[in-house]
Amino acid sequence: MAAWSLILLVCAVGVLISLIVGVVAAAIPDTSANHWSDRCRRGFRAFVATMTLYIAFVLMVVAIRAALV
């Protein structure tokens, strides 16, 4: 049961961090992207990039942990 709780916590933290980064990226004003759809697109790209990096980091930690055991 503790393992599933830890997995859920790691997933929730990753989604929360990515969501915050996406919202901040969409909220930052940019003169070259005035339209709301451009800002949403920029926020989504930031969300996806952050989620990808977070998944890579978690998989790297899991691989190192598995190698040490």
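Arg39 has its place in helix H2. This is a predicted model, and every value below is computed from it. Arg39 counts as partly exposed, because its relative accessibility is 26%. Its side chain reaches back to the backbone oxygen of Ala26, at 3.1 Å. Leaving aside neighbours within four places in sequence, Arg39 is in contact with Ala26, Ala27, Ile28, Pro29, Ala33 and Asn34. Arg39 and Ile20 are 19 residues apart in sequence, and their C-alpha atoms are 14 Å apart in space.

Is Arg42 buried or exposed? Arg42 counts as buried, because its relative accessibility is 18% and the cut-off for buried is under 20%. A polar atom of the Arg42 side chain lies 2.5 Å from the backbone oxygen of Ile28. Beyond its neighbours within four places in sequence, Arg42 is in contact with Ala25, Ala26, Ile28, Asp30 and Ala33.

Asn34 is exposed, because its relative accessible area is 62% and the cut-off for exposed is over 50%. From Asn34 to Arg45 the sequence separation is 11 residues, and the C-alpha atoms are 17 Å apart.

**The two helices**

Helix H1 covers 2-27 and helix H2 covers 36-68. H1 has 26 residues and reaches 37 Å from its first C-alpha to its last, close to the 38 Å expected at 1.5 Å a residue. H2 has 33 residues, and its first and last C-alpha atoms are 48 Å apart, close to the expected 48 Å.

Which residues of H1 are buried? They are Gly14, Ser18, Gly22 and Ala25. These buried residues of H1 pack against H2. On H2, the buried residues are Arg42, Gly43, Ala46, Thr50, Met51 and Tyr54. What covers them includes H1.

Thr50 lies in H2. Thr50 is buried, because its relative accessible area is 17%. Not counting residues up to four places away in sequence, Thr50 touches Ile17, Ser18 and Val21.

Ile17 has its place in helix H1. Ile17 is partly exposed, because its relative accessible area is 39%. Ile17 and Leu6 are 11 residues apart in sequence and 16 Å apart in space, C-alpha to C-alpha.

The accessibility values for single residues are set out here.

| Residue | Relative accessible area | Class |
|---|---|---|
| Thr50 | 17% | buried |
| Arg42 | 18% | buried |
| Val58 | 23% | partly exposed |
| Arg39 | 26% | partly exposed |
| Ile17 | 39% | partly exposed |
| Asn34 | 62% | exposed |

The largest pocket has a volume of about 350 Å³. Of the 14 residues that line it, the closest to its centre are Leu6, Ile7, Val10, Val58 and Val62. Which helices supply the lining? H1 and H2 each give at least two residues. H2 gives the most, with 8 residues.

Val58 is one of the residues closest to the pocket centre, and Val58 lies in helix H2. Val58 counts as partly exposed, because its relative accessibility is 23%. Val10 is another of those closest to the centre. Val58 and Val10 are 48 residues apart along the chain, yet their C-alpha atoms are separated by 8.4 Å. Leu6, also among those closest to the centre, is the residue whose C-alpha is 16 Å from that of Ile17.

**In brief**

H1 and H2 both contribute to the pocket lining, and the buried residues of H1 pack against H2.

Definitions and conventions. Residues are numbered from 1 along each chain as its sequence is written. This is a predicted model: local features need pLDDT of at least 70, side-chain atom pairs count only at pLDDT 80 or more; totals for chains, interfaces and linings use all residues. Side-chain values use heavy atoms; hydrogens and water are left out. On a 1 Å grid over the protein atoms alone, a cavity is a set of points where a 1.4 Å probe fits but cannot get out, and a pocket is an open set with protein on both sides within 12 Å along at least five of seven lines; lining residues have an atom within 4 Å of a point. Grid points are joined across faces, edges and corners, and a volume is the space filled by probe spheres set on the points. Helices (H or I, at least four residues) and strands (E, at least two) are DSSP runs, numbered from the N terminus. Buried means under 20% relative accessible area, exposed over 50%, partly exposed in between (1.4 Å probe, protein chains only). A polar contact is a pair of N or O atoms within 3.5 Å; within protein, one must be able to donate a hydrogen and the other to accept it, and residues adjacent in sequence count only if both atoms are side-chain atoms. Contact means heavy atoms within 4.5 Å. The expected span of a helix is 1.5 Å times one less than its number of residues.
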